[in-house]
Amino acid sequence: MKPVPPSPQLPAPESVDRVRLIRRSMRCFVYGLMGVVPLFGLGMACLALLLQRQVGEETGEPAGLAGAKKSSIAALALALALLGCGQDGLVLALGILLCALQGYLLYLQYQRAEPRQWNPARHLLFWGAGLAYAGLVLSSAIVLLNIESAIRRAGS
Amino acid sequence: MTFLPIAHLELRRAARKPMTYYSRCLAALAAFSTGLAFVFAGFHRAMSASTAGQAVFGVLAASAYVLLAAQGILLTCDCVSLEKREGTLGLLFLTGLNGFDIVAGKLAALMSRSLYCLMAALPAFGFAFVLGGVGPGDFVKAALGLLNTLFYFAALGILISACVWRERAATAWSGLALLLLGALLPMMSVFVSLPAVLVLIPAGAMLAALGPAAGMGSPPPVAASLLVPHALGWLFIGAASRLAPRLETPAANARPARRAASGRQTKSSFRDLPPWVVEPARPFLTTALLALICEGFLLAPLFGPIGITAPAMVVTILLLHSILKFQAASQASRMLAGRRRSGELELLLTTPYDEEEIVRGCLLELKRSLFWPALFALGVDLALLIVGCWKQAFGDSLGWAAAVVAEVIWMLVNLYSLSWVGLFLGLRLANPARAAGRAIFYVMLLPWLSVICLAAPAALVFRGRLFGPEIAAPIAGIFGISLLFCNSFFTGWAINELRDRFRALAAQS
């Protein structure tokens with residue numbers, strides 16, 4: 001009788017403390033909700049992103065957003081150019097547009113990425129990260145506008 | 001034979017720590033940024049060049065004095081007593097080392113980081129020469145005065161460490177010495193003009209270097225104010241070398257044992273606490289200290305002219321709040337650190353108590369020990385608020401009231417943050433002094449550092465108008481946001497880590 005070759009197996013998932021995973025995901029949502037408030041919620045937004053990264057490290061899911069960095073750099077360059085032209089309102093609009101873009105990218109990532117660990121609070125993790133990104137982008141836009149107005153006042 | 005072998009060992013150990021390198025870079029960055037801000041201000045006519053030179057010199061010298069005094073005494077205050085508690089000091093004496101070898105070795109190693117920071121920051125004082133108003137003699141006097149400050153307070157810390165056994169006593173005595181010799185005596189000597197007292201403490205040399213800008217009519221002689229504190233420092237080292245081997249006996253630990261045998265620890269105030277909480281809280285000592293400060297600062301100038309009353313009230317409020325914050329950080333850091341090091345925490349986790357209950361018990365203990373001091377400080381704040389409004393301290397009583405209320409709210413927020421961050425860092429580092437220092441750095445000093453590092457670019461962008469009213473509001477806004485960010489981020493981080501990693505950290509040896 002011929003021996004049957006072993007069938008190729010998928011790598012077994014590493015053991016993860018799922019209770020901690022779910023708790024962290026829920027906490028990420030709560031911090032993201034607080035972090036969406038511009039300026040005042042900056043600390044909470046950073047915490048939400050930190051939690052998202054920690055959960056990503058545990059589950060093996062990519063934590064960073066695809067294309068987020070490129071779009072942020074492009075938006076910052078555009079915002080500086082707009083500030084140079086004195087278009088303050090457009091900077092705020094650009095910030096809101098960037099928030100929407102980040103949200104869309106997050107939604108795509110949520111849909112496409114296959115979860116490697118069972119986590120019923122996975123959607124909360126993505127919501128928390130999205131809200132935190134929105135808070136960070138709006139805070140950056142407000143800080144940029146304030147700096148620009150201060151420079152203008154100092155110049156005059 | 002190697003000269004000072006303990007110094008070799010400790011310096012090699014310090015050289016392997018990344019913080020030794022990061023801290024001097026940070027010190028240099030902060031000093032250069034502050035200096036550049038004043039240079040831009042001076043060259044763009046925001047203030048006269050000589051005024052800017054004197055201002056940058058005064059700000060840098062005063063900041064360096066405060067940081068070096070605090071670092072010198074707080075880093076050394078538990079170094080010998082820690083060896084005693086862990087039983088390693090006796091082993092060192094078996095090797096043929098004497099008391100001086102050990103004390104000098106510890107001193108050299110613990111002073112090295114602060115010395116590096118000072119050396120990195122000293123070139124920034126050169127900005128004052130560029131602007132004018134300060135001579136090379138003033139710079140030399142200030143540099144020598146700062147070196148002397150570090151040496152004096154480090155030697156005093158090591159003497160305290162050789163005299164006491166428990167970590168709590170070491171921290172309390174060093175805090176008291178710092179407050180008395182580093183802050184209260186110099187301030188009172190400036191107010192009452194007592195040059196003879198200033199000769200005994202290193203602040204005298206600093207005041208002599210700063211000259212009339214320090215607000216003192218007749219500063220003490222420079223040579224005496226450098227030599228006498230330096231000699232006192234060597235005296236402290238000599239006394240510590242004699243005391244370190246003499247107190248290394250089991251009888252030194254008899255006091256806590258006697259207290260435990262008399263049953264005084266299980267008094268009624270701890271009835272509601274979990275049974276494992278046996279550390280006695282001493283709120284009345286802190287309250288008495290706060291009352292002493294209030295008396296020293298307020299009674300004399302309170303009934304005097306408004307020019308003295310207003311600064312005295314501001315200094316009193318800030319000093320009371322700072323002591324409370326220091327106490328909160330120190331107590332919170334001590335709660336879990338000792339228990340983790342002795343393995344008590346790991347044993348405790350095998351009982352029906354879980355980590356949530358342990359943390360809740362610690363916070364309850366902390367609240368009870370800080371309740372009366374905080375209430376006393378709030379009472380003093382209220383009294384000063386009423387007196388300030390009554391005397392129209394700043395011309396506008398509404399502004400004074402708003403400032404006091406904001407400071408009180410900020411103190412309460414800081415106390416909450418320091419409790420959580422101190423608890424977590426105490427558990428993670430298992431070293432109360434380091435944990436308390438790091439908690440204070442994260443929550444209280446980091447926002448200042450970020451604003452200082454922003455000062456130079458801001459001065460460059462605003463063409464030196466950093467001190468104008470149109471720029472002050474955005475700068476204050478950035479400072480407020482960084483305060484809020486540091487508090488919320490580090491508190492949340494500590495809460496997260498305590499919930500997620502408590503068992504893992506408690507089980508680490």
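Reader: Where should I begin with confidence, and what is the mean pLDDT of chain A?

Author: Where pLDDT is low, the predicted coordinates should not be read in detail. Chain A averages a pLDDT of 78, and 83% of its residues score at least 70.

Reader: Which elements of chain A have the lowest and the highest mean pLDDT?

Author: The lowest mean among the elements of chain A, 72, belongs to helix 3 (residues 68-84). The highest, 90, belongs to helix 1 (residues 18-35) of chain A.

Reader: How many helices and strands are there in chain A, and how many in chain B?

Author: Chain A has 5 helices and 0 strands. Read from the N terminus, its elements run α-α-α-α-α. Chain B has 20 helices and, again, 0 strands.

Reader: Among contacts between residues at least 6 apart in sequence, what percentage in chain B join residues at least 24 apart?

Author: For chain B the figure is 81%. For chain A, counted among contacts between residues at least 6 apart, it is 78%.

Reader: What should I look for in a nonpolar core, and which residues of the largest one touch the most other members?

Author: In soluble globular proteins, nonpolar side chains tend to be buried together. Here the largest nonpolar core holds 167 residues, and those touching the most other members are A48(A), A154(B), A155(B), I158(B), V421(B), L423(B) and A439(B). Domain 1 (1-253) and domain 2 (268-509) of chain B both contribute residues, so this core lies between them.

Reader: Which residues is A155(B) in contact with, leaving aside its neighbours within four places in sequence?

Author: With those neighbours set aside, A155(B) is in contact with L107(B), G233(B), F236(B) and I237(B).

Reader: Where in the chains do I find a positive phi in a residue other than glycine, as in L39(A)?

Author: Take two cases, both in loops. L39(A), with phi near 65 degrees, lies in the loop between helix 1 and helix 2 (42-59) of chain A. A430(B), with phi near 55 degrees, lies in the loop between helix 18 (397-429) and helix 19 (432-461) of chain B.

Reader: Is A430(B) buried or exposed?

Author: A430(B) counts as buried because it has 20 C-beta neighbours inside 10 Å. L39(A) has 18 other C-beta atoms within 10 Å, so it is partly exposed.

Reader: How do I read a residue within a helix, and why does A504(B) count as exposed?

Author: Read its element, then its neighbours. A504(B) lies in helix 20 (residues 469-507) of chain B. It counts as exposed because it has 9 C-beta neighbours inside 10 Å.

Reader: Which helix holds A374(B)?

Author: A374(B) is in helix 17 (residues 355-391) of chain B. It has 23 C-beta neighbours inside 10 Å and therefore counts as buried. A374(B) and A28(B) are 346 residues apart along the chain, and their C-alpha atoms are separated by 36 Å.

Notes. Residues numbered from 1 in each chain as written. Chains lettered and ligands numbered in written order. Predicted model: local features only at pLDDT ≥ 70, side-chain atom pairs only at ≥ 80, totals over all residues. Core = buried A, V, L, I, M, F, W, Y, C linked by C-beta atoms within 7 Å. Buried ≥ 20, exposed ≤ 12 C-beta atoms within 10 Å, placed from the backbone. Domains from an automatic or database assignment. Contact = placed C-beta atoms within 7 Å. pLDDT = per-residue confidence, 0-100. Helix = DSSP H or I, 4+ residues; strand = E, 2+ residues; numbered from the N terminus.
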